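Reader: Hello! Could you walk me through this structure, one question at a time?

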Amino acid sequence: HYEAALSHRPDFAEGHKRMGNLQLQRKNLRAALEHYQQAATTEPDDPSTQFALGDTYRLLREPDQAALAYREVLRINPTHLNTQVRLADVLYEGGHLDEAIATARQALAQATEQNNQPIVRILEERSEAINPDALRSNISFMTKNRILTGVLVLPDPILYRPLHLLREEVD
């Protein structure tokens, strides 16, 4: 249905978003990305489109591009908590550790202020996942020895995210 609508109205942002969602479900990440980019061209201030762009870039293992999209969401809606968490994640994945820590701390502070207990719990669990000093040392060693390839891959990306670094300075 949306393909037909898009052939008549190529600037139909909602059609591109829905086609992007469909392509994402089919795991056609590049096709999904193209549709989300088209939607963002037509409606650049739509946070859901920018969020979808960020998620798609992240799935494509393009953390710097994902960060740009998530920053765009935060420009539109500075208090969007899920975007702050995802931005911290992709900054970490892209090797921007200090910025990831700062963003994660901001997300934890906001989640605490909003009494968003599910997010606070997730952030606190992550904060205990890895010893921050050991992680910094490991990153430093890998960078020095040119082992780091642009994306830091840790054993379980769901558990080991940048937010483990924030607990001590937010309390």
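Reader: How many aromatic pairs does the structure hold?

Author: Let's start with the ground rules: this is a predicted model, where local features need pLDDT of at least 70, side-chain atom pairs count only at pLDDT 80 or more, and totals for chains, interfaces and linings use all residues. Residues are numbered from 1 along each chain as its sequence is written, and side-chain values use heavy atoms, with hydrogens and water left out. Rings of Phe, Tyr and Trp (its six-membered ring) pair if their centres lie within 6.5 Å. By that rule, the number of aromatic pairs here is 1.

Reader: Are the planes of Phe51 and Tyr70 stacked, edge-to-face or tilted?

Author: Planes under 30 degrees apart count as stacked, over 60 as edge-to-face and the rest as tilted. The rings of Phe51 and Tyr70 are 5.7 Å apart, centre to centre, with 55° between their planes, so the pair is tilted.

Reader: Which helices does the pair link?

Author: Helices are DSSP runs (H or I, at least four residues), numbered from the N terminus. The two residues are 19 apart, and the pair links distant parts of the chain. Phe51 sits in helix 4 (residues 47-59) and Tyr70 in helix 5 (residues 63-76).

Reader: Is Tyr70 buried or exposed?

Author: Buried means under 20% relative accessible area, exposed over 50%, and partly exposed in between (1.4 Å probe, protein chains only). Tyr70 has a relative accessibility of 0%, so Tyr70 is buried.

Reader: Are helix 4 and helix 5 roughly parallel or roughly antiparallel?

Author: Axes are lines fitted to C-alpha atoms, for helices over the stretch in contact, and angles run from 0 to 180 degrees between N-to-C directions. Under 35 degrees counts as roughly parallel, over 145 as roughly antiparallel, 65 to 115 as roughly perpendicular and the rest as oblique. The axes of helix 4 and helix 5 come within 7 Å and cross at roughly 160°. That makes the two helices roughly antiparallel.

Reader: What is the angle between helix 6 and helix 7?

Author: Helix 6 (residues 81-93) and helix 7 (residues 97-113) pack with their axes 8 Å apart. They are roughly antiparallel to each other, and the angle is about 160°.

Reader: How many helices and strands does the chain have?

Author: Strands (E, at least two residues) are DSSP runs too. Along the sequence, the pattern reads α-α-α-α-α-α-α-α-α-α. The count is 10 helices and 0 strands.
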